[in-house]
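This briefing covers selected strands, helices and contacts of the structure shown below. The points are grouped by topic.

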Amino acid sequence: MNDTVSVVVNGEPRAVGRGVTLLDLLRTLELDPRSVVVEHNRRIVRRPVLGEVHVGAGDAIELVHFVGGG
Amino acid sequence: MATALALVKDAPFTIGGRTFGSRLMVGTGKYRDAETMVQAIEASGAEIVTMAVRRVNLGASQQDGILQYLDPKRYFLLANTAGCFTPDEAVRYARLGREAGFNEFVKLEVIGDQETLLPDVAGLLRATQTLVREGFKVLAYTNEDLVAALQLEAAGVVAVMPLASPIGSGLGLLNPYSVRLIKRRLRVPVVVDAGVGTASDACVTMEQGVDGILMNTALAAARDPATMAHAMRLAVEAGRAAFLAGRMPRREGAVPSSPLGGMLD
(Lines give C-alpha, C1' and ligand atoms only; values in the text may rest on other atoms or scores of the structure.)
Protein backbone atom coordinates (compact mmCIF):
# COMPACT_ATOMS: atom_id res chain seq x y z
CA MET A 1 0.00 0.00 0.00
CA ASN A 2 1.24 3.46 -0.88
CA ASP A 3 1.38 5.66 2.19
CA THR A 4 2.35 8.84 0.39
CA VAL A 5 0.57 11.30 -1.86
CA SER A 6 2.08 13.66 -4.37
CA VAL A 7 1.68 17.40 -3.83
CA VAL A 8 3.33 20.47 -5.27
CA VAL A 9 5.25 22.62 -2.80
CA ASN A 10 6.64 25.91 -4.10
CA GLY A 11 6.31 24.67 -7.64
CA GLU A 12 8.15 21.37 -7.04
CA PRO A 13 6.48 17.95 -6.83
CA ARG A 14 6.97 16.30 -3.48
CA ALA A 15 5.75 13.11 -1.81
CA VAL A 16 4.21 13.57 1.63
CA GLY A 17 2.69 11.13 4.07
CA ARG A 18 -0.99 10.42 3.51
CA GLY A 19 -3.15 12.45 5.89
CA VAL A 20 -0.44 14.83 7.08
CA THR A 21 -1.39 18.35 8.06
CA LEU A 22 0.19 21.56 6.87
CA LEU A 23 1.89 21.85 10.25
CA ASP A 24 3.38 18.36 9.78
CA LEU A 25 4.65 19.43 6.37
CA LEU A 26 6.37 22.50 7.84
CA ARG A 27 8.00 20.35 10.50
CA THR A 28 9.25 17.90 7.87
CA LEU A 29 10.74 20.83 5.97
CA GLU A 30 12.26 22.18 9.20
CA LEU A 31 10.42 25.48 8.82
CA ASP A 32 9.25 27.55 11.77
CA PRO A 33 5.51 28.17 11.33
CA ARG A 34 6.02 31.67 12.73
CA SER A 35 8.37 32.59 9.91
CA VAL A 36 6.36 31.47 6.87
CA VAL A 37 2.97 32.15 5.37
CA VAL A 38 1.16 29.12 3.97
CA GLU A 39 -1.08 29.24 0.95
CA HIS A 40 -2.98 26.01 0.35
CA ASN A 41 -4.73 25.70 -3.02
CA ARG A 42 -4.73 29.50 -3.31
CA ARG A 43 -6.19 30.03 0.16
CA ILE A 44 -4.11 31.44 2.98
CA VAL A 45 -4.13 29.19 6.04
CA ARG A 46 -3.45 31.03 9.25
CA ARG A 47 -0.97 29.72 11.80
CA PRO A 48 -3.45 28.59 14.51
CA VAL A 49 -5.20 26.19 12.13
CA LEU A 50 -2.18 24.78 10.27
CA GLY A 51 -2.47 21.62 12.36
CA GLU A 52 -6.10 21.14 11.36
CA VAL A 53 -5.77 21.34 7.58
CA HIS A 54 -4.86 18.06 5.89
CA VAL A 55 -2.90 17.80 2.68
CA GLY A 56 -4.47 15.88 -0.20
CA ALA A 57 -3.13 14.44 -3.43
CA GLY A 58 -2.44 17.10 -6.05
CA ASP A 59 -2.66 20.01 -3.63
CA ALA A 60 -0.68 23.12 -4.45
CA ILE A 61 1.11 24.60 -1.44
CA GLU A 62 3.07 27.82 -1.40
CA LEU A 63 5.37 28.66 1.49
CA VAL A 64 6.43 32.29 1.40
CA HIS A 65 8.17 34.87 3.55
CA PHE A 66 9.60 38.37 3.36
CA VAL A 67 12.79 38.91 1.42
CA GLY A 68 14.62 42.08 0.52
CA GLY A 69 12.69 44.31 -1.86
CA GLY A 70 12.02 47.92 -2.73
CA MET B 1 20.62 68.08 14.08
CA ALA B 2 18.11 68.18 16.89
CA THR B 3 18.57 71.93 17.22
CA ALA B 4 18.07 72.50 13.52
CA LEU B 5 14.99 70.30 13.40
CA ALA B 6 13.38 72.09 16.32
CA LEU B 7 13.31 75.25 14.22
CA VAL B 8 11.30 73.64 11.45
CA LYS B 9 7.55 74.01 11.90
CA ASP B 10 6.29 70.96 10.08
CA ALA B 11 3.03 69.06 10.18
CA PRO B 12 3.26 65.40 11.21
CA PHE B 13 3.79 62.86 8.43
CA THR B 14 0.69 60.69 8.57
CA ILE B 15 -0.29 57.89 6.21
CA GLY B 16 -3.44 55.85 6.64
CA GLY B 17 -3.90 57.08 10.20
CA ARG B 18 -0.34 56.32 11.32
CA THR B 19 2.20 59.03 12.04
CA PHE B 20 5.88 58.61 11.29
CA GLY B 21 8.90 60.60 12.37
CA SER B 22 10.85 60.21 9.14
CA ARG B 23 9.76 61.23 5.65
CA LEU B 24 12.32 58.87 4.17
CA MET B 25 11.18 55.31 3.48
CA VAL B 26 13.68 52.68 2.36
CA GLY B 27 13.66 49.35 0.61
CA THR B 28 15.62 46.26 1.64
CA GLY B 29 16.58 44.80 -1.74
CA LYS B 30 19.87 44.41 -3.57
CA TYR B 31 22.26 44.94 -0.64
CA ARG B 32 25.49 43.00 -0.85
CA ASP B 33 24.84 41.49 2.57
CA ALA B 34 22.48 41.79 5.51
CA GLU B 35 24.93 43.67 7.72
CA THR B 36 25.36 46.41 5.11
CA MET B 37 21.58 46.66 4.77
CA VAL B 38 21.02 47.01 8.51
CA GLN B 39 23.71 49.70 8.81
CA ALA B 40 22.24 51.65 5.90
CA ILE B 41 18.69 51.46 7.22
CA GLU B 42 19.83 52.63 10.64
CA ALA B 43 21.77 55.52 9.09
CA SER B 44 18.77 56.52 6.98
CA GLY B 45 16.62 57.10 10.05
CA ALA B 46 13.71 55.50 8.19
CA GLU B 47 10.86 53.91 10.10
CA ILE B 48 9.02 52.46 7.14
CA VAL B 49 10.88 49.71 5.32
CA THR B 50 9.60 47.86 2.30
CA MET B 51 10.06 44.20 1.51
CA ALA B 52 8.96 41.64 -1.03
CA VAL B 53 7.06 38.36 -0.64
CA ARG B 54 8.77 35.35 -2.21
CA ARG B 55 8.88 31.59 -1.93
CA VAL B 56 10.93 30.13 0.89
CA ASN B 57 14.01 28.47 -0.61
CA LEU B 58 13.41 24.87 0.43
CA GLY B 59 16.87 23.72 -0.60
CA ALA B 60 18.73 26.28 1.50
CA SER B 61 20.54 25.26 4.68
CA GLN B 62 20.18 28.80 6.00
CA GLN B 63 16.99 30.74 5.42
CA ASP B 64 17.07 33.93 3.37
CA GLY B 65 14.12 35.60 5.11
CA ILE B 66 14.66 39.19 6.08
CA LEU B 67 12.84 39.42 9.39
CA GLN B 68 15.78 37.81 11.18
CA TYR B 69 17.66 41.07 10.55
CA LEU B 70 14.95 43.71 11.04
CA ASP B 71 12.98 43.98 14.26
CA PRO B 72 9.28 44.38 13.44
CA LYS B 73 8.85 46.29 16.69
CA ARG B 74 11.35 48.90 15.56
CA TYR B 75 10.42 49.18 11.89
CA PHE B 76 7.07 49.49 10.17
CA LEU B 77 7.06 46.70 7.59
CA LEU B 78 5.54 47.61 4.27
CA ALA B 79 4.98 44.65 1.96
CA ASN B 80 5.22 45.33 -1.75
CA THR B 81 3.80 43.55 -4.76
CA ALA B 82 6.92 44.03 -6.86
CA GLY B 83 7.18 41.71 -9.81
CA CYS B 84 3.41 41.44 -10.30
CA PHE B 85 2.13 42.06 -13.81
CA THR B 86 -1.61 41.53 -13.32
CA PRO B 87 -4.11 42.86 -10.77
CA ASP B 88 -4.97 39.31 -9.64
CA GLU B 89 -1.33 38.51 -9.01
CA ALA B 90 -0.83 41.77 -7.10
CA VAL B 91 -3.92 41.09 -4.95
CA ARG B 92 -2.62 37.60 -4.16
CA TYR B 93 0.78 38.94 -3.08
CA ALA B 94 -0.85 41.70 -1.04
CA ARG B 95 -2.86 39.12 0.90
CA LEU B 96 0.26 37.04 1.57
CA GLY B 97 2.14 40.18 2.60
CA ARG B 98 -0.58 41.10 5.06
CA GLU B 99 -0.22 37.68 6.71
CA ALA B 100 3.57 37.98 6.83
CA GLY B 101 3.76 41.59 7.92
CA PHE B 102 1.37 42.25 10.76
CA ASN B 103 -0.37 45.22 9.13
CA GLU B 104 -2.86 46.07 6.40
CA PHE B 105 -0.62 48.48 4.49
CA VAL B 106 0.65 47.46 1.07
CA LYS B 107 2.84 49.17 -1.48
CA LEU B 108 0.92 48.18 -4.56
CA GLU B 109 2.79 47.72 -7.81
CA VAL B 110 1.24 46.40 -11.01
CA ILE B 111 3.98 46.49 -13.59
CA GLY B 112 3.04 47.00 -17.22
CA ASP B 113 6.34 46.68 -19.05
CA GLN B 114 9.27 44.44 -18.30
CA GLU B 115 11.93 46.69 -19.79
CA THR B 116 11.01 49.96 -18.04
CA LEU B 117 9.04 48.54 -15.08
CA LEU B 118 6.56 51.33 -15.67
CA PRO B 119 3.19 50.79 -14.00
CA ASP B 120 0.05 49.43 -15.64
CA VAL B 121 -2.30 52.12 -14.37
CA ALA B 122 -5.54 50.39 -15.42
CA GLY B 123 -4.44 47.21 -13.65
CA LEU B 124 -3.30 49.22 -10.65
CA LEU B 125 -6.70 50.84 -10.34
CA ARG B 126 -8.48 47.46 -10.48
CA ALA B 127 -6.20 45.92 -7.88
CA THR B 128 -6.66 49.01 -5.68
CA GLN B 129 -10.44 48.71 -5.79
CA THR B 130 -10.29 45.05 -4.73
CA LEU B 131 -7.80 45.65 -1.93
CA VAL B 132 -9.58 48.72 -0.54
CA ARG B 133 -12.78 46.62 -0.35
CA GLU B 134 -10.81 44.05 1.65
CA GLY B 135 -9.66 46.68 4.15
CA PHE B 136 -6.14 47.19 2.87
CA LYS B 137 -4.40 50.54 3.14
CA VAL B 138 -2.95 50.94 -0.31
CA LEU B 139 0.07 53.02 -1.25
CA ALA B 140 -0.03 52.95 -5.03
CA TYR B 141 3.14 53.09 -7.13
CA THR B 142 2.15 55.01 -10.25
CA ASN B 143 3.27 57.26 -13.07
CA GLU B 144 3.70 60.98 -12.56
CA ASP B 145 0.27 61.36 -14.14
CA LEU B 146 -2.29 63.63 -12.48
CA VAL B 147 -5.38 61.86 -13.82
CA ALA B 148 -4.15 58.45 -12.68
CA ALA B 149 -3.33 59.94 -9.28
CA LEU B 150 -6.82 61.45 -8.97
CA GLN B 151 -8.41 58.12 -9.94
CA LEU B 152 -6.32 56.29 -7.34
CA GLU B 153 -7.31 58.80 -4.69
CA ALA B 154 -10.98 58.37 -5.61
CA ALA B 155 -10.51 54.58 -5.34
CA GLY B 156 -9.44 55.02 -1.73
CA VAL B 157 -5.65 54.77 -1.59
CA VAL B 158 -3.96 56.14 1.54
CA ALA B 159 -1.02 57.50 -0.48
CA VAL B 160 -0.08 57.99 -4.10
CA MET B 161 3.50 57.16 -5.06
CA PRO B 162 4.50 58.75 -8.35
CA LEU B 163 7.89 57.82 -9.71
CA ALA B 164 10.77 60.28 -10.03
CA SER B 165 12.14 58.13 -12.86
CA PRO B 166 12.11 54.37 -13.59
CA ILE B 167 12.84 51.90 -10.78
CA GLY B 168 16.57 51.41 -10.25
CA SER B 169 17.50 54.02 -12.88
CA GLY B 170 18.94 56.66 -10.55
CA LEU B 171 17.98 59.34 -13.08
CA GLY B 172 16.50 61.63 -10.46
CA LEU B 173 13.33 63.71 -10.70
CA LEU B 174 12.58 63.92 -14.43
CA ASN B 175 9.26 65.71 -14.19
CA PRO B 176 9.11 68.10 -11.25
CA TYR B 177 6.16 69.95 -12.77
CA SER B 178 3.91 66.87 -12.81
CA VAL B 179 4.92 65.81 -9.33
CA ARG B 180 4.18 69.32 -8.03
CA LEU B 181 0.84 69.28 -9.81
CA ILE B 182 -0.08 65.92 -8.26
CA LYS B 183 0.87 67.19 -4.83
CA ARG B 184 -1.15 70.35 -5.31
CA ARG B 185 -4.30 68.52 -6.41
CA LEU B 186 -4.40 65.53 -4.05
CA ARG B 187 -5.51 65.40 -0.45
CA VAL B 188 -3.81 62.08 0.35
CA PRO B 189 -0.05 62.08 0.94
CA VAL B 190 2.22 62.00 -2.09
CA VAL B 191 5.38 59.94 -1.64
CA VAL B 192 7.80 59.86 -4.56
CA ASP B 193 8.94 56.30 -5.18
CA ALA B 194 11.75 55.19 -7.47
CA GLY B 195 14.45 56.90 -9.49
CA VAL B 196 16.25 58.99 -6.89
CA GLY B 197 19.97 58.45 -7.42
CA THR B 198 21.84 60.68 -5.03
CA ALA B 199 21.30 63.22 -2.27
CA SER B 200 20.70 66.21 -4.55
CA ASP B 201 17.89 64.26 -6.28
CA ALA B 202 16.25 63.63 -2.92
CA CYS B 203 16.60 67.27 -1.92
CA VAL B 204 15.12 68.59 -5.19
CA THR B 205 12.29 66.08 -4.92
CA MET B 206 11.38 67.17 -1.39
CA GLU B 207 11.59 70.82 -2.46
CA GLN B 208 8.57 70.15 -4.71
CA GLY B 209 6.50 69.84 -1.52
CA VAL B 210 5.85 66.10 -1.61
CA ASP B 211 5.30 64.35 1.70
CA GLY B 212 8.11 61.82 1.49
CA ILE B 213 10.39 59.67 -0.62
CA LEU B 214 10.87 55.92 -0.91
CA MET B 215 14.20 54.69 -2.22
CA ASN B 216 16.16 51.49 -2.39
CA THR B 217 18.78 51.20 -5.13
CA ALA B 218 20.26 54.65 -4.39
CA LEU B 219 21.37 53.23 -1.05
CA ALA B 220 22.01 49.60 -1.92
CA ALA B 221 24.05 50.37 -5.04
CA ALA B 222 26.12 53.18 -3.52
CA ARG B 223 29.76 52.31 -2.91
CA ASP B 224 29.14 53.00 0.79
CA PRO B 225 25.43 52.45 1.49
CA ALA B 226 25.44 53.63 5.12
CA THR B 227 27.13 56.92 4.24
CA MET B 228 24.73 57.46 1.34
CA ALA B 229 21.83 56.69 3.68
CA HIS B 230 23.10 59.39 6.02
CA ALA B 231 23.33 61.81 3.09
CA MET B 232 19.78 60.95 2.03
CA ARG B 233 18.47 61.55 5.50
CA LEU B 234 20.02 65.01 5.52
CA ALA B 235 18.86 65.70 1.96
CA VAL B 236 15.25 64.77 2.72
CA GLU B 237 15.30 66.99 5.79
CA ALA B 238 17.00 69.82 3.89
CA GLY B 239 14.59 69.60 0.96
CA ARG B 240 11.60 69.52 3.28
CA ALA B 241 12.85 72.51 5.27
CA ALA B 242 13.59 74.46 2.07
CA PHE B 243 10.07 73.77 0.83
CA LEU B 244 8.57 74.94 4.11
CA ALA B 245 10.81 78.00 4.13
CA GLY B 246 9.65 79.06 0.65
CA ARG B 247 12.43 79.79 -1.79
CA MET B 248 13.32 83.24 -3.16
CA PRO B 249 11.96 84.13 -6.58
CA ARG B 250 14.15 83.32 -9.57
CA ARG B 251 15.45 86.37 -11.50
CA GLU B 252 17.21 86.54 -14.80
CA GLY B 253 19.38 89.47 -13.73
CA ALA B 254 21.62 90.23 -10.78
CA VAL B 255 20.42 92.14 -7.73
CA PRO B 256 23.21 93.34 -5.45
CA SER B 257 23.29 92.03 -1.90
CA SER B 258 25.45 94.85 -0.60
CA PRO B 259 24.38 98.53 -0.38
CA LEU B 260 24.95 100.66 -3.46
CA GLY B 261 25.49 103.73 -1.32
CA GLY B 262 28.45 104.43 0.90
CA MET B 263 31.04 103.58 -1.69
CA LEU B 264 34.36 105.48 -1.59
CA ASP B 265 35.07 108.21 -4.12
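Strand S5 (residues 60-68) of chain A pairs with S4(B) in the antiparallel sense, over five bridges. The model is a predicted one.

*The side of chain B that touches chain A*

- Across the two chains, 27 residues of chain B are in contact with 18 residues of chain A.
- Strand S4 (48-55) and helix H3 (87-101) of chain B are the elements that give two or more residues to the side of chain B that touches chain A.
- S4(B) provides the largest share of that side, six residues.
- By type, the residues of the side of chain B that touches chain A are 12 nonpolar, nine polar and six charged.

*Strand S7(B) and its neighbours*

- Strand S7 (residues 137-142) of chain B has five of its six residues buried, so it is largely enclosed by the rest of the structure.
- S7(B) runs parallel to strand S6 (residues 105-108) of chain B, and four bridges join the two.
- S7(B) also pairs with strand S8 (residues 159-162) of chain B, in the parallel sense and over four bridges.
- B:Ala140 takes part in both pairings: it is the bridge partner of B:Leu108, and it stands opposite B:Val160 in S8(B).
- A right-handed β-α-β unit is made by S6(B), helix H4 (residues 121-133) of chain B and S7(B).
- Another right-handed β-α-β unit consists of S7(B), helix H5 (residues 146-155) of chain B and S8(B).

*Nonpolar core*

- The largest nonpolar core has 90 residues, and B:Leu108, B:Leu139 and B:Ala140 are among those with the most contacts inside it.
- Not counting residues up to four places away in sequence, the residues that B:Leu139 touches include B:Phe105, B:Leu108, B:Val158, B:Met161 and B:Val191.

*Helix H5(B)*

- The buried residues in H5(B) are B:Ala148, B:Ala149, B:Leu152 and B:Glu153.
- Seen down the axis of H5(B), these buried residues fall within an arc of 135°, so they line one face of the helix.
- An α-helix has 3.6 residues a turn, so residues three or four places apart point the same way.
- Exposed residues B:Val147 and B:Ala154 lie on the face of H5(B) turned away from its buried side.
- The cover over the buried residues of H5(B) includes H4, S7, S8 and helix H6 (176-185) of chain B.
- After H5(B) comes B:Gly156, with a positive phi near 105°.

Key:
Residues are numbered from 1 along each chain as its sequence is written. Chains are lettered from A and ligands numbered from 1 in the order in which they are written. This is a predicted model: local features need pLDDT of at least 70, side-chain atom pairs count only at pLDDT 80 or more; totals for chains, interfaces and linings use all residues. A residue is buried if 20 or more other C-beta atoms lie within 10 Å of its own, exposed if 12 or fewer, and partly exposed in between; C-beta atoms are placed from the backbone. Two strands pair if DSSP finds at least two bridges between them. A crossover is right-handed if, with the strands pointing away from the viewer, the path from the first strand over the helix to the second runs clockwise. A nonpolar core is a set of buried Ala, Val, Leu, Ile, Met, Phe, Trp, Tyr and Cys residues joined through C-beta atoms within 7 Å. Two residues are in contact if their C-beta atoms, placed from the backbone, lie within 7 Å. The arc is that of the directions from the helix axis to the C-beta atoms. Ala, Val, Leu, Ile, Met, Phe, Trp, Tyr, Cys and Pro count as nonpolar, Asp, Glu, Lys and Arg as charged, and the others, Gly among them, as polar.
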